[in-house]
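Colleague: I'm new to reading protein models. Could you walk me through how helices pack and how a ligand sits among its neighbours?

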Amino acid sequence: MINYKENQECKTAIIEINRPTQLNALNNKVITDLSDKLNDIEHTPSIRSVIISGVGDKAFVAGADIKEFQDFTTERAIELSKSGKIKLFNKISHFSKPVISAINGYALGGGLELALSTHIRIASSSAKLGLPECSLGLIPGYSGTQKLPQIIGVNLAMEMILTAKMINAEEAHRIGLVNHVVEQDNLLEKCLKICKLFHGTSPEALSSAIKSINSCYLNEGDDVESREFGALFETDNFKEGVNAFLQKRKPNFN
Ligand code: COA
């Protein structure tokens, strides 16, 4: 479910999510594999940074796997949200080495939340980004409601989340959601170039800088998000939203 390689020259680990037929949707196995791999990398001093991307040229990650969670109760949904944050999303945010997302296509829902957890986001010019959960009768459950406003401001985050709209890479760059936009063929090269710049810094300093920068974000909103996310699983409109997606039709919300 994930590919792994190392670029020795840049001292970088490159992880690719490998479910292209499902647009690299994050199922439980992918989350666990990513989490385990990050644990290994954390304890490998020769690796100074991490790049996360998706296999293929269509999707970075098109969201959490809707097929896996469609029948969840409130309790299981809260557990999904909280355990995902502990196992993966918060682990990346607080990782002691810089993590870069190479956004090579759709970054939607949990996919954009994965990118939001990374420290630097580089998009290919064909990338499309959004948090479409409200169109499924849900809200983002992996810190999207917390991190998106921190990065692009409450004003624009409200609009993106409440309208469920997707934006292109150019717009994402304009509003500060991604650091750089490059052609798809140059995406990895651009990320590796940034990784090389880390060689001129101290690993301890980068770890402290990440910790310190993240501390400007401390709040309790993540608990509210998990609770509200779970409660929506009991609604008829959520069932309608998911059924409509799976049946490839427009939802008919009450
Ligand atoms: N979870 C599970 N499966 C997903 C998925 C997701 N988040 N996103 C895409 N897939 C699957 C599709 O069900 C389809 O599988 P199938 O061939 O077995 O039917 C396959 O990936 C290809 O997707 P498809 O919808 O046919 O591609 P498309 O080019 O027509 O549309 C998207 C691409 C990204 C616009 C569309 O797949 C989409 O809207 N995905 C869901 C995005 C979303 O709501 N994410 C938030 C989840 S919380």
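Modeller: Happy to! Let's begin with the word "contact": it means heavy atoms within 4.5 Å. Keep in mind that this is a predicted model.

Colleague: Thanks. Which residues in H3 meet which residues in H10?

Modeller: From H3 come Thr74, Ala77, Ile78, Leu80, Ser81, Lys82, Lys85 and Asn90, and they meet Asp222, Asp223, Glu225, Ser226, Arg227, Phe229, Gly230 and Ala231 of H10. Sorted by class, the residues of this contact of H3 with H10 are five nonpolar, five polar and six charged.

Colleague: And at what angle do H3 and H10 pack?

Modeller: Helix H3 covers residues 74-93 and helix H10 covers residues 221-231; their packing angle is about 140 degrees, and their axes are 7 Å apart. Angles over 145 degrees would count as roughly antiparallel and 65 to 115 as roughly perpendicular, so H3 is oblique to H10.

Colleague: Is the crossing of H3 and H10 left-handed or right-handed?

Modeller: H3 passes H10 in a right-handed crossing.

Colleague: How do H5 and H10 pack?

Modeller: Helix H5, residues 144-152, packs with H10 at about 135 degrees, and the two axes are 8 Å apart. That angle makes H5 oblique to H10. Gly144, Thr145 and Gln146 of H5 form the contact with Gly221, Asp222 and Glu225 of H10. Here the classes come out as no nonpolar, four polar and two charged residues.

Colleague: What about H3 and H4, and which residues meet there?

Modeller: Helix H4 spans residues 110-117, and the axes of H3 and H4 come within 7 Å, crossing at roughly 35 degrees. On the H3 side you can find Leu88, Phe89, Ile92 and Ser93, which meet Gly110, Glu113, Leu114 and Ser117 in H4. The contact of H3 with H4 has four nonpolar, three polar and one charged residues.

Colleague: Now the ligand. How many residues surround the ligand, and which are the closest?

Modeller: There are 19 residues around the ligand, and the closest are Lys58, Ala62, Ala64, Ile66 and Lys67.

Notes
Residues are numbered from 1 along each chain as its sequence is written. This is a predicted model: local features need pLDDT of at least 70, side-chain atom pairs count only at pLDDT 80 or more; totals for chains, interfaces and linings use all residues. Side-chain values use heavy atoms; hydrogens and water are left out. Axes are lines fitted to C-alpha atoms, for helices over the stretch in contact, and angles run from 0 to 180 degrees between N-to-C directions. Helices (H or I, at least four residues) and strands (E, at least two) are DSSP runs, numbered from the N terminus. Angles under 35 degrees count as roughly parallel, over 145 as roughly antiparallel, 65 to 115 as roughly perpendicular and the rest as oblique. A crossing is left-handed if the near helix is turned anticlockwise from the far one by less than a right angle, and right-handed if clockwise. Ala, Val, Leu, Ile, Met, Phe, Trp, Tyr, Cys and Pro count as nonpolar, Asp, Glu, Lys and Arg as charged, and the others, Gly among them, as polar. A residue is near a molecule or strand if one of its heavy atoms lies within 4 Å of it.
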